[in-house]
Amino acid sequence: MLEIVQTNENNYISIAVTGDADASSSIKLDKGLRSAFDESHSNIIIDCTNLNYISSAGLGVFMSYIEEINQTNTTFVIYGLSEKVLKVFGILGLDQLLILKNTKEEALVELNGL
Amino acid sequence: MRISLAISTLLWLIMTLLDVLQVLAVRSDVDLGISPIVPVLIIDFFFVFVVLFYRLRITKVESTDFIDYLWRVFAIGLIATLVSLALGLFNNSIADSALANNPFLEEVLYSIRFGLISVFLVSTFTVWKKLILYQKSKRLVIWWNVFEGVILLSIFFNLIGGDLQTNDLFKILFGVITLMALILSANLKWVAFLNFKQKWKSILLILLITIYLGYFFTSIYVPGEETMDILKSIDNLFIVSLFVFLLFYSIFSLLVILFNLPTSSVFEKKMEEAINFQRLSQSIQQGENENQIFDILLTSSMSAVYADAGWLEIERNKQGTEESEIRRKNLSPTNRLEVIEQIKVSKQKYVLKNPLSKASEQDQTLILFKKSNFRSVLIVPLIIQEKIAGHMYLLNELSDGFNKEMINIINTFASQASISIENFRLLGEALENERYKKELNIAKKVQRALLPVNLDHNDSFQIHAFTQAPDEVGGDYYDTFRLSEHKFAVVIGDVSGKGTSAAFHMSQMKGIFQSLVQLDLAPDEFLVKANKALSGCLEKTSFITLSYFVIDTEHKSVEYSRAGHCPTLFYSSQNSSAEFLENKGLGLGILRNDSFKNYVFVNKMTFQKDDVIVLYTDGISEASNNSGEEFGYDRMKKILTDNAKFDAVSIQKTFIKKLFEFCEDKNLNDDYTMVVIKFK
């Protein structure tokens with residue numbers, strides 16, 4: 001089960017991801033990200049505080065946006081990853097390509113800092 | 001049968017001869033010396049053999065066609081009548097000649113007539129028996145046997161003599177037989193099985209047979225005008241009983257058929273419904289397709305409720321577009337649209353609860369129009385696999401054209417058709433699934449062949465691999481290659497996702513490994529080139545993690561690079577402890593441009609005797625038990641530390657055993673692979 005909730009704030013779009021991102025639910029994650037990117041907003045933050053588990057398929061979804069992030073100069077920040085999920089991101093090397101922060105405050109600092 | 005025919009004919013001839021002789025004897029006052037019983041006995045046996053003949057004949061011709069039976073009786077009656085009439089005419093034509101009052105001739109003519117009438121009576125009797133005993137019960141058979149026995153015995157009553165007018169015993173017996181005949185005549189079940197046309201035919205035939213009976217009776221027992229007696233004495237109990245019984249049954253049948261005529265169409269209708277129902281349920285076995293079932297449904301439903309027109313709206317999902325297919329009957333497309341418009345605006349809608357379903361959209365709707373060609377419309381939903389698969393619209397020109405009975409029948413038809421189609425679809429799906437299973441099995445075999453059976457190595461190290469996938473095919477990959485006498489390449493990889501798509505990418509990886517490895521590249525170079533090769537052919541959301549090792553047994557060194565793959569577990573015999581090799585890296589296919597090379601690095605280390613390298617995929621490290629706990633790195637470290645003294649095969653076996661123990665009854669839902677290298 002995976003739930004995606006999008007909220008549009010003043011200067012950024014926030015997407016809260018809750019549950020498990022496995023092979024079947026990663027399609028839902030992709031849809032959620034897609035609709036956020038389609039709004040062409042320059043700031044997107046992903047709240048993964050309640051993301052319990054991510055499979056390789058779920059990682060693949062995040063990975064597939066890396067190119068778009070770089071091309072459109074979008075500030076894309078993921079925050080609140082649990083230790084377990086963060087480790088998965090790290091093993092694959094995604095921590096080198098995506099901005100991962102611990103808290104929402106840190107994420108917002110990242111947005112405003114740019 | 002033939003013998004009885006011959007004997008009866010012979011007996012008849014003897015009878016005629018005897019009569020003539022008797023007349024002659026009376027004329028010439030000569031006593032023939034024949035006992036008076038003899039001619040009577042001959043008549044009796046004649047009857048017996050005629051009865052026997054017909055019994056045999058009818059049982060031989062086994063047919064359920066009642067009209068056929070009646071026709072046969074009618075034909076015999078016709079012949080008898082014609083002969084009888086011809087004899088009468090002959091008699092009249094010679095009235096003035098010398099022969100006119102010739103007693104011999106009269107006797108012969110009477111005898112012929114008597115014989116023919118007897119044959120007719122007996123044949124009618126046998127056929128009537130057949131009709132009465134149609135759909136017999138045990139009790140009826142007993143009744144009939146008693147009756148038939150009494151009738152046959154009555155043949156010999158004339159040995160006693162006496163006639164109806166004078167003999168009391170005759171009267172009593174006659175009364176008893178008449179009563180039994182009356183009771184038996186109530187058995188007219190066969191009438192119900194005639195259709196409308198057959199009923200009319202039967203009425204005609206029985207009416208004619210009744211007329212014959214009347215005619216024969218008068219010709220035997222009512223004497224001509226010139227004789228003074230009012231009635232010739234009725235002397236033969238058998239003949240008269242037969243007459244009475246046959247007449248009763250004929251009249252009863254006539255009346256019953258007549259009164260059954262108006263309701264026969266209802267009966268026929270029910271039969272037709274039953275047959276249609278059977279057609280609906282049988283259609284699958286005959287290899288018909290869905291459309292044929294729909295056609296049968298529409299046709300039989302329309303005829304069952306006397307609908308004037310109708311159509312079926314079948315929803316079919318063809319490549320996402322939900323377009324409904326229309327099958328019309330007695331209705332033009334424009335008329336159909338008109339009716340739909342009227343349905344939308346109509347205020348007289350009645351929802352009829354379907355007792356078999358819970359959802360409200362599965363209920364039937366009855367709609368009445370005020371001004372239209374069609375005054376009533378019945379909409380029946382077709383439910384297949386618990387989903388609405390379409391609707392059947394039945395139109396009637398009459399207002400209130402559908403009654404409760406009809407709606408019930410339609411319900412049964414619709415559900416039977418739905419069952420047939422459901423079965424048809426399920427069968428198709430089952431076959432399709434079977435085919436997929438076979439295909440997957442082939443894929444499994446092909447993929448197995450992609451993984452090496454013999455792993456390249458030399459005397460300096462042992463190597464052992466193990467892999468398992470929950471689906472038929474998986475995305476885990478390992479391979480080895482002998483670069484030179486002392487140099488070996490070992491690779492382990494994991495494709496993102498599971499199942500078939502992962503398996504395809506895995507086979508691409510195999511191809512890339514087999515071609516690049518021959519270039520004897522440094523591990524980081526290998527990964528950069530592999531990433532470039534994969535960039536063009538991987539799906540956008542797919543990536544492959546890989547660890548690439550080059551083992552040099554001469555220098556006892558290992559060079560390795562990691563492309564996002566799980567960190568390698570290494571046991572150092574010198575330290576007697578296991579550690580994960582930490583180094584940076586990025587999965588293949590994540591960055592599909594030249595910047596990838598900035599994210600891969602080469603690490604180098606040396607090995608000693610009894611050191612162990614454990615390569616694995618995340619199916620092992622991330623396997624979780626029922627409480628959601630992961631197998632994890634710490635457990636793996638401990639298992640390796642505790643078992644490093646054993647050989648590669650034992651280490652692998654212990655690992656998997658411990659993994660299963662940890663997961664308990666929870667099924668592993670990811671591919672898991674392990675390659676163990678032990679240096680010597």
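In what order do the 5 strands of the open sheet that contains β7 and β13 of chain B stand? The points below take up this question first and then turn to the rest of the predicted model.

1. The order is β7-β16-β15-β12-β13 in chain B, and the pairing is antiparallel. At the edges stand β7 (461-468) and β13 (577-580) of chain B; each has a single partner strand, so one side of each is left without a neighbour in the sheet. Neighbouring strands of this sheet are turned against each other by 15 degrees on average, direction ignored.

2. One pairing in this sheet can be followed in detail. Strand β12 (residues 569-572) of chain B runs antiparallel to β13(B), and 4 bridges join the two. Opposite B:Tyr571 stands B:Ala578 in β13(B).

3. Chain B has 16 helices and 16 strands. Of its 680 residues, 34% count as buried. Among the contacts in chain B with a separation of 6 or more, 71% are between residues 24 or more positions apart.

4. How do helices α9 and α11 of chain B lie, parallel or antiparallel? Helix α9 (residues 290-304) and helix α11 (residues 404-450) of chain B pack at an angle of about 175 degrees, with their axes 10 Å apart. An angle over 145 degrees counts as roughly antiparallel, and α9(B) and α11(B) are therefore roughly antiparallel to each other. Residues of α9(B) in this contact include B:Ile293 and B:Leu297, while those of α11(B) include B:Phe413 and B:Ile421. By class, the contact has 11 nonpolar, 3 polar and 1 charged residues.

5. Helix α6 (residues 168-184) and helix α8 (residues 237-282) of chain B pack at about 25 degrees, with their axes 9 Å apart. They are therefore roughly parallel to each other, and their crossing is right-handed. Among the residues that make the contact are B:Phe170 and B:Leu173 of α6(B), and B:Val240 and B:Phe248 of α8(B). The contact has 11 nonpolar, 2 polar and no charged residues.

6. Chain A has 5 helices and 5 strands, which follow the pattern β-β-α-β-α-α-β-α-β-α along the sequence. Buried residues make up 39% of its 114 residues.

7. Finally, the two chains meet: 18 residues of chain B are in contact with 14 residues of chain A. On the chain B side, the touching residues divide into 7 nonpolar, 8 polar and 3 charged.

Terms used:
Residues are numbered from 1 along each chain as its sequence is written. Chains are lettered from A and ligands numbered from 1 in the order in which they are written. This is a predicted model: local features need pLDDT of at least 70, side-chain atom pairs count only at pLDDT 80 or more; totals for chains, interfaces and linings use all residues. Two residues are in contact if their C-beta atoms, placed from the backbone, lie within 7 Å. Ala, Val, Leu, Ile, Met, Phe, Trp, Tyr, Cys and Pro count as nonpolar, Asp, Glu, Lys and Arg as charged, and the others, Gly among them, as polar. Two strands pair if DSSP finds at least two bridges between them. Axes are lines fitted to C-alpha atoms, for helices over the stretch in contact, and angles run from 0 to 180 degrees between N-to-C directions. A residue is buried if 20 or more other C-beta atoms lie within 10 Å of its own, exposed if 12 or fewer, and partly exposed in between; C-beta atoms are placed from the backbone. Angles under 35 degrees count as roughly parallel, over 145 as roughly antiparallel, 65 to 115 as roughly perpendicular and the rest as oblique. A crossing is left-handed if the near helix is turned anticlockwise from the far one by less than a right angle, and right-handed if clockwise.
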